Amino acid sequence: MTLTTPALLFPAISLLLLAYTNRFLVLSQIIRKLADEEKTHHHEVASRQIGLLHRRVVLTKYMQVAGVLSFLLCTLSMFGLYLHLELTGVVLFGASLISLSLSLIFSLWEVLISTNALNVQVAALAEKNPGTRKNPVAGESARRGDAPGD
């Protein structure tokens, strides 16, 4: 393996860490907004989302830790290859790939929880407007009892 092989991961890992940071910032804004709303008046929906938000924050932390660890291992791999320690470089690069894979698995898990949180919000909206439902195929609102194509 050459020095350039682990170097190919640097842009990908950097962009991934940037995306994770953006997710974290959005989560923090949502939590602050919910906290402000909760101070003024209690919402059952907000209470249900607090647990989901907590899990998302924890997963985002794990995503970032695994991503940074992947970046560090990739750097150490390049250093090992630079010192002509082929086996060390290959092992560290493999560990970097495993860490990157874990980061992506945590990211997928967080996305699944995020969609669950959106479903909580959609269910709350549906309770407020019981006459409308969302058509998941067409993406349009339809009155109950309407036939498709009417």
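How many helices and strands are there in the protein? There are 4 helices and 2 strands. This is a predicted model, so please read what follows as a description of a computed structure. Going along the sequence, the elements follow the pattern α-α-α-α-β-β.

**The protein as a whole**

The protein has 150 residues, and 27% of them count as buried. If we take contacts between residues at least 6 apart in sequence, 75% of them join residues at least 24 apart.

**The nonpolar core**

In soluble globular proteins, nonpolar side chains tend to be buried together. Here, the largest nonpolar core holds 15 residues. The members that touch the most other members are Leu9, Ile13, Tyr20, Leu52 and Leu100. At least two residues of this core come from each of helix 2 (9-40), helix 3 (44-82) and helix 4 (86-128). Helix 4 gives the most, with 6 residues.

Leaving aside residues up to four places away in sequence, Tyr20 touches Thr60, Met63, Gln64, Ser103, Leu104 and Ser107.

**Aromatic pairs**

| Pair | Distance between ring centres | Angle between planes | Arrangement |
|---|---|---|---|
| Phe10 and Phe71 | 4.8 Å | 65° | edge-to-face |
| Tyr62 and Phe106 | 5.5 Å | 40° | tilted |

Why is the pair of Phe10 and Phe71 edge-to-face? Their planes are at 65°, and planes over 60 degrees apart count as edge-to-face. Phe10 lies in helix 2 and Phe71 in helix 3, so this pair ties together parts that are 61 residues apart in sequence. Phe10 is partly exposed, with a relative accessible area of 23%, and Phe71 is also partly exposed, at 28%.

The rings of Tyr62 and Phe106 have their planes at 40°, so that pair is tilted. Tyr62 sits in helix 3 and Phe106 in helix 4, and the pair links distant parts of the chain, 44 residues apart. Tyr62 counts as partly exposed, at 39% relative accessibility.

**A residue on helix 4**

Is Leu118 buried or exposed? This residue of helix 4 counts as exposed, because its relative accessibility is 53% and the cut-off for exposed is over 50%. Leu118 and Gln49 are 69 residues apart in sequence, while their C-alpha atoms are 9.1 Å apart in space.

Technical notes
Residues numbered from 1 in each chain as written. Predicted model: local features only at pLDDT ≥ 70, side-chain atom pairs only at ≥ 80, totals over all residues. Heavy atoms only, no water. Core = buried A, V, L, I, M, F, W, Y, C linked by side-chain atoms within 4.5 Å. Buried < 20%, exposed > 50% of the residue type's maximum accessible area, 1.4 Å probe, protein only. Contact = heavy atoms within 4.5 Å. Phe/Tyr/Trp six-rings, centres within 6.5 Å; stacked < 30°, edge-to-face > 60°.
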